[in-house]
Amino acid sequence: YYRRKIMILNIKKILNGYKIIDDEKKETIFIKNGSLLSPKKNIIKDNSIIYKTDIIIENEKTKYVIKNKENNVLVKASLNYKNNNSIIKPPKVDLLLLSTPYGEWKIKQDKNSNVLISSENIVFGKITPFLTLQHQKFNCSNEFEIDFWAAMYVLCYYMVHEDDLITV
């Protein structure tokens, strides 16, 4: 399953976002809402914004992005939908295809609602289900910084909630 050394991140919902603590309780990262009624999120470490996430429309397609503090796009994710021939149900997101500084990655939800992050069929990130009352666990490779994983967590959050019904 994992070939790399992993760390476990504990994700807790807090007012206006999330708090992520590593398993050794050495580092804490915050995910805060960027603005009211906007999908934008800020990844904050030591009271500084490290990354920003957002949902954008590019060539009439929805994309998820991670930007650095200078607003340069580092990661861009494209949504891939399940082949659904139903007239009644809208298509559901099957997986995300990501272009990252570390290569091409995939994010997919498994049948148990865990979210898996992989590259070249090697899983190096796993998030416990989003739709639960318990705190989430994020098992991930220690090859990347916790703040980068926090930004990836937001992209996974976007994907899981992409199919939510919007009521007016």
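Of the 168 residues of the protein, 40% count as buried, where buried denotes under 20% relative accessible area, exposed over 50% and partly exposed in between, with a 1.4 Å probe and protein chains only. The model is predicted: local features need pLDDT of at least 70, side-chain atom pairs count only at pLDDT 80 or more, and totals for chains, interfaces and linings use all residues. Residues are numbered from 1 along each chain as its sequence is written, and side-chain values use heavy atoms, with hydrogens and water left out.

**View 1. Overall fold and surface.** The protein contains 1 helix and 12 strands, assigned as DSSP runs (helices: H or I, at least four residues; strands: E, at least two) and numbered from the N terminus. Along the sequence the order is β-β-β-β-β-β-β-β-β-β-β-β-α. The accessible surface comes to about 10500 Å², and 50% of it belongs to carbon and sulfur atoms; areas follow the Shrake-Rupley method with a 1.4 Å probe.

View 2. The 12 strands form a closed barrel in the order 1-2-3-4-5-6-7-8-9-10-11-12, with antiparallel pairing; two strands pair if DSSP finds at least two bridges between them. On average, neighbouring strands of this sheet are turned by 25 degrees against each other, direction ignored. The axes are lines fitted to C-alpha atoms, for helices over the stretch in contact, and angles run from 0 to 180 degrees between N-to-C directions.

View 3. Strand 6 (residues 61–68) and strand 7 (residues 73–81) run antiparallel and are joined by 5 bridges. Val 65 stands opposite Lys 76, and Lys 67 stands opposite Val 73. The hairpin has 4 residues between its strands, and Asn 71 in the turn has a positive phi of about 70 degrees.

**View 4. Pairing of strands 7 and 8.** Strand 7 pairs with strand 8 (residues 93–100) in the antiparallel sense over 6 bridges. Leu 79 has Leu 96 of strand 8 as its bridge partner.

**View 5. The largest nonpolar core.** This core has 41 residues, and those with the most contacts inside it include Leu 98, Trp 105, Phe 138 and Met 152. A nonpolar core is a set of buried Ala, Val, Leu, Ile, Met, Phe, Trp, Tyr and Cys residues joined through side-chain atoms within 4.5 Å. Helix 1 (residues 146–161) supplies the largest share, 13 residues. Beyond its neighbours within four places in sequence, Met 152 is in contact with Ile 66, Leu 98, Trp 105 and Ile 107, contact being heavy atoms within 4.5 Å.
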